[in-house]
Amino acid sequence: MAAGGVAIVTGAARRIGREIALALAEDGYAVLVHYGSSEASALEVVEQIRNKGGLAMTVSADLAEPELSATRICDAACELGSPTLLINSAAVFEDLPLPQISPRHCLEHFTVNAIAPILLAREFVARLPASAAGQIISLLDWRALHPPTDHLVYTASKAALASITLTLAQQLAPQIRVNGIALGAILAPPGRADWHQQRAAEQIPLRRHGTPRDVVSALRFLISNDFMSGEILQLTGGEHL
Ligand SMILES: NC(=O)c1ccc[n+]([C@@H]2O[C@H](COP(=O)([O-])OP(=O)(O)OC[C@H]3O[C@@H](n4cnc5c(N)ncnc54)[C@H](OP(=O)(O)O)[C@@H]3O)[C@@H](O)[C@H]2O)c1
């Protein structure tokens with residue numbers, strides 16, 4: 001096992017999850033790089049970690065099948081050692097106008113964004129040795145706590161995950177600390193760079209969007225602070241104010 005323990009990062013093949021996986025490997029964690037469909041990118045992340053002397057492996061699992069996925073992911077992590085850190089980064093993020101919203105759209109968002117993290121927590125807890133301290137950190141969205149006019153279902157699913165975070169922090173203490181980071185504009189969705197640029201110019205007090213390094217910095221703070229649980233950090237450049 002690596003010096004830092006074993007970390008599970010969901011949605012770690014690309015974008016923010018990828019940067020988190022690479023950073024945790026730098027910090028000495030053995031990293032389970034979970035992916036849904038981005039196999040080639042996940043393998044690249046693992047290769048990059050191994051090239052720097054780290055320990056990592058991939059696992060594919062469709063979080064829309066949360067029961068199977070949670071078991072598969074946590075079992076895979078155990079091949080690296082005992083997982084002590086679970087990062088929920090994978091998410092579905094789609095917007096539909098109300099007339100087009102279907103049960104399928106709702107189910108996908110709630111299953112991937114909220115139910116999968118619950119079942120992952122269940123399986124993570126079941127494998128955590130009694131003597132080990134664990135942590136769960138979920139990537140949330142400040143707009144889930146101040147609902148906007150768009151992304152109705154996504155927003156509700158992230159609000160559910162915020163609630164789950166606060167309840168689990170109480171249920172799993174003192175062995176496991178549970179926290180969240182409510183992100184603002186970090187990486188724009190593909191093809192929508194103008195969305196974050198416009199928010200930076202008009203809405204974000206710090207007049208810039210964030211970067212994955214900002215997320216990693218907040219994550220490292222949560223990981224290293226032993227007295228912090230049930231906290232949701234707002235990482236927004238002040239946009240939530
Ligand atoms: N980007 C931002 O500015 C921002 C702002 C607010 C909150 N957040 C939150 O921060 C986290 C990371 O953001 P991001 O923009 O990097 O996320 P993203 O690119 O939208 O999605 C991350 C990964 O989620 C995985 N995923 C989606 N559905 C899945 C499924 N059914 N099964 C397995 N994996 C699935 C995908 O993996 P594959 O590619 O392998 O399929 C995808 O690469 C998310 O939770 C997001 O809600 C981000």
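Predicted model: local features only at pLDDT ≥ 70, side-chain atom pairs only at ≥ 80, totals over all residues.
Local features are reported at pLDDT of at least 70 and side-chain atom pairs at pLDDT 80 or more, while totals for chains, interfaces and linings use all residues. Residues are numbered from 1 along each chain as its sequence is written.

Helices (H or I, at least four residues) and strands (E, at least two) are DSSP runs, numbered from the N terminus.

Arg 15 counts as partly exposed because it has 17 C-beta neighbours inside 10 Å. The scale is simple: a residue is buried if 20 or more other C-beta atoms lie within 10 Å of its own, exposed if 12 or fewer, and partly exposed in between, with C-beta atoms placed from the backbone.

Now to the helix packing. Two packed helices are described by the angle between their axes and the distance between the axes. Axes are lines fitted to C-alpha atoms, for helices over the stretch in contact, and angles run from 0 to 180 degrees between N-to-C directions.

H1 packs with helix H2 (residues 39-51) at an angle of about 20°, with the axes 10 Å apart. H1 and H2 are therefore roughly parallel to each other. Angles under 35 degrees count as roughly parallel, over 145 as roughly antiparallel, 65 to 115 as roughly perpendicular and the rest as oblique. H1 passes H2 in a right-handed crossing. A crossing is right-handed if the near helix is turned clockwise from the far one by less than a right angle, and left-handed if anticlockwise. From H1, Arg 18, Ala 21, Leu 22 and Ala 25 meet Val 45, Gln 48 and Ile 49 of H2. The residues of this contact divide into five nonpolar, one polar and one charged. Two residues are in contact if their C-beta atoms, placed from the backbone, lie within 7 Å.

H1 also meets helix H8 (212-224). Their axes come within 9 Å and cross at roughly 50°. The two are therefore oblique to each other. This crossing, too, is right-handed. H1 contributes Ile 16, Glu 19, Ile 20 and Ala 23; H8 contributes Pro 212, Val 215, Val 216 and Leu 219. Seven of the contact residues are nonpolar, none is polar and one is charged.

A further pair is helix H4 (residues 103-127) with helix H6 (residues 152-171). Their axes come within 8 Å and cross at roughly 15°. That makes H4 roughly parallel to H6. H4 passes H6 in a right-handed crossing. The contact includes His 105, Phe 110 and Ile 118 of H4, and Tyr 154, Lys 158 and Leu 168 of H6. Its residues divide into 12 nonpolar, four polar and one charged.

The loops come next. Ala 64 lies between strand E3 (56-60) and helix H3 (66-78). It counts as partly exposed, with 16 C-beta neighbours inside 10 Å. Leaving aside residues up to four places away in sequence, Ala 64 touches Glu 108, Thr 111 and Val 112. The C-alpha atoms of Ala 64 and Ala 116 are 7.6 Å apart, though 52 residues separate them along the chain.

Pro 174 sits in the loop between H6 and strand E6 (176-183). A cis peptide bond joins Ala 173 to Pro 174, with omega about 5°.

Arg 207 is in the loop between helix H7 (193-202) and H8. It is not a glycine, yet its phi is positive, about 60°. Arg 207 is exposed because 11 other C-beta atoms lie within 10 Å.

Asn 225 is placed in the loop between H8 and strand E7 (232-235). With 12 other C-beta atoms within 10 Å, Asn 225 is exposed.

Technical notes. Nonpolar A, V, L, I, M, F, W, Y, C, P; charged D, E, K, R; others polar.
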